[in-house]
Structure formats: C-alpha cells, structure tokens
Amino acid sequence: LIYALAAELGFAPEDVVWVRETFDQSIAPGAKSYDFAIQQISVTEARAEVVTFSDVYFQPEKAVVALPGSPVEDAVSFADLREARWGAAVGTTDFTYLETVLGIDDAAVYDDQIGVFQAMQADQIDATVVALPTALFLTAVQVPDAEIVALLPPDEGDRGHGLLFEFGNPLVDWINEGIAALSANGTIDELKDTWLVADPDLPVITE
C-alpha cells in the first residue's frame with residue numbers, strides 16, 4: 001500500500017524510507033521521526049486527541065486466533081467464546097473488542113502482542129482476538145502453530161485503520177488525496193484481495 005501511495009504521489013520506490021518503532025511509541029503524543037506510521041493502527045477518538053490520522057483505508061474483520069486443541073475451536077456463538085480464557089495487549093482495540101463486543105470481563109492484559117503469544121504458548125490463555133491482517137501474519141510467521149479458528153464482525157466503535165501522523169501534521173490532506181485516488185482506481189481493493197484473504201471456509205460468529 002505504501003509503495004502504491006508513493007507512486008501515486010510522484011515518488012520512486014527507493015524514496016520510501018522505513019523507520020522501526022513499537023506500537024506504543026507510535027500512538028504516544030509528541031514529535032515523530034517519520035512522516036507517518038502504518039502499523040494496522042485503528043482510528044479512535046482517544047488516540048485522535050494526541051496524534052492525527054489519515055482517512056481510513058481499511059476496515060478489517062476481527063479474527064479469533066488459538067492453538068490446536070483450544071476450546072474456542074468448536075465455538076459457534078459469543079456465549080461459547082465467553083467460556084474460554086482470553087488475553088490481549090493493553091491499550092489496543094483488540095482488548096476493547098473483548099470487553100465491549102464479546103463481553104469478556106476477565107481477559108488477561110499483556111504489555112504487547114509478543115506477551116499475548118507467549119501466554120498462549122504457555123497455556124495461560126486459550127485465545128486472542130486481533131484484526132485479520134495481524135492474524136494472517138501471526139499464524140504464518142510469528143506463531144505458525146497457531147491458527148485462525150473463526151472470524152468476527154468489525155467493531156462499530158473502531159473506525160478502521162488509518163495512517164498515523166504527528167498531531168497537526170500538514171501533510172495529512174495531501175496523503176488523503178492519494179488514499180482517495182487509490183481507493184477510486186481499485187488499487188486498495190486489489191491489494192486486499194491479493195494479500196488479506198482468509199480461508200473462505202472459516203466460520204463467522206456474529207452473535
């Protein structure tokens with residue numbers, strides 16, 4: 001997506017420079033050492049008070065991720081999911097989803113996603129919920145023994161993913177023009193259909 005956006009705005013691929021940063025650092029207030037961040041960051045009202053977001057470019061489904069043998073493998077309802085032990089990273093929309101959508105009031109809280117995955121591997125939790133793009137990477141690279149066992153509807157309180165800027169960055173309007181162009185010409189849909197495809201046979205739990 002970023003290379004497509006760069007091309008739309010007149011930049012060559014080699015003009016794109018990547019800077020590594022943690023999720024917590026990106027959503028924190030203050031100066032940024034880059035123009036914008038893309039880490040599958042959800043746009044929320046609370047975050048928008050200290051950073052500036054682009055227009056939303058993707059509204060992901062949520063995915064239930066677990067290791068084989070987890071009790072969530074046979075879940076068909078939110079009630080079934082509430083019987084499991086859950087965990088998520090602090091400050092994420094994933095944790096908010098567990099509380100406000102699934103009604104999990106005793107989910108374990110971890111400092112970051114790595115802590116969540118380690119807890120799952122140590123049999124401290126049965127499952128976690130993450131945005132579908134995160135789940136695809138998680139199960140392919142980070143914890144290949146884990147699997148996506150079900151899809152869940154998006155959170156109506158989560159506006160979707162946006163690019164994150166230092167608060168008040170004047171580049172936002174220009175970047176939004178590029179995002180709008182990529183949406184209008186079908187590039188974003190093409191990228192989603194190519195790279196963010198889950199198993200079509202996965203169950204979808206909606207209530």
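Is serine 26 buried or exposed, and what is its relative accessible area? Serine 26 is buried, with a relative accessible area of 0%. Here, buried means under 20% relative accessible area, exposed means over 50%, and partly exposed lies in between, with a 1.4 Å probe and protein chains only.

This is a predicted model, in which local features need pLDDT of at least 70 and side-chain atom pairs count only at pLDDT 80 or more, while totals for chains, interfaces and linings use all residues. Residues are numbered from 1 along each chain as its sequence is written, and side-chain values use heavy atoms, with hydrogens and water left out.

## Overall build

The protein has eight helices and seven strands. Its radius of gyration is 18 Å, close to the 17 Å that the globule rule gives for 207 residues, so the protein is as compact as a globular protein of that length. That radius is taken over C-alpha atoms, and the globule rule is 2.2 Å times the number of residues to the power 0.38. Helices (H or I, at least four residues) and strands (E, at least two) are DSSP runs, numbered from the N terminus.

The C-alpha trace spans about 50 × 35 × 30 Å along its principal axes. Of the 207 residues, 46% are buried.

## Helix H2

Serine 26 sits in helix H2. Isoleucine 27 lies in helix H2 too. Isoleucine 27 counts as buried, at 17% relative accessibility.

Serine 26 and asparagine 169 are 143 residues apart in sequence, and 14 Å apart in space, C-alpha to C-alpha. Isoleucine 27 and alanine 181 are 154 residues apart along the chain, with 26 Å between their C-alpha atoms.

## Salt bridges

Side chains of opposite charge can pair when their charged atoms come close. A salt bridge is counted when a side-chain nitrogen of Lys or Arg is within 4 Å of a carboxyl oxygen of Asp or Glu. By this rule there are five salt bridges. The table gives some of them.

| Pair | N to O distance |
|---|---|
| Glutamate 45 and arginine 159 | 3.7 Å |
| Aspartate 123 and arginine 85 | 3.0 Å |
| Arginine 85 and aspartate 126 | 2.8 Å |

Take glutamate 45 and arginine 159, whose side chains meet in a salt bridge. Glutamate 45 lies in the loop between helix H2 (23-27) and strand E1 (51-53), and arginine 159 in the loop between strand E6 (147-152) and strand E7 (164-166), so the pair ties together parts that are 114 residues apart in sequence. Glutamate 45 is exposed, with a relative accessible area of 61%. Arginine 159 is partly exposed, at 43%.

Aspartate 123 is exposed, at 51% relative accessibility. Arginine 85 counts as partly exposed, at 37%.

Now the other link, in which arginine 85 meets aspartate 126. Arginine 85 lies in the loop between H3 and E3 and aspartate 126 in the loop between H5 and E5, so the pair ties together parts that are 41 residues apart in sequence. Aspartate 126 counts as buried, at 12% relative accessibility.

## Positive phi angles

Aspartate 123 has another feature. Its phi is positive, about 60°, although aspartate 123 is not a glycine. Glutamine 40 also has a positive phi, about 55°, and is not a glycine. Glutamine 40 is placed in the loop between H2 and E1. At 35% relative accessibility, glutamine 40 counts as partly exposed.

## A negative patch

Which residues form the negative surface patch? Glu73, Asp74, Asp80 and Glu83 do. Patches are made of residues with over 30% relative accessible area and no salt bridge, and like charges are joined within 9 Å. Asp and Glu count as negative. Aspartate 74 lies in the loop between strand E2 (62-66) and helix H3 (78-81). Aspartate 74 is exposed, with a relative accessible area of 68%.

Note on methods. Patches are made of residues with over 30% relative accessible area and no salt bridge: like charges are joined within 9 Å, nonpolar side chains (Val, Leu, Ile, Met, Phe, Trp, Tyr) within 5 Å. Accessible areas come from the Shrake-Rupley method with a 1.4 Å probe; for residues, only the protein chains shown count as cover. The place of a charge is taken as NZ of Lys, CZ of Arg, CG of Asp or CD of Glu.
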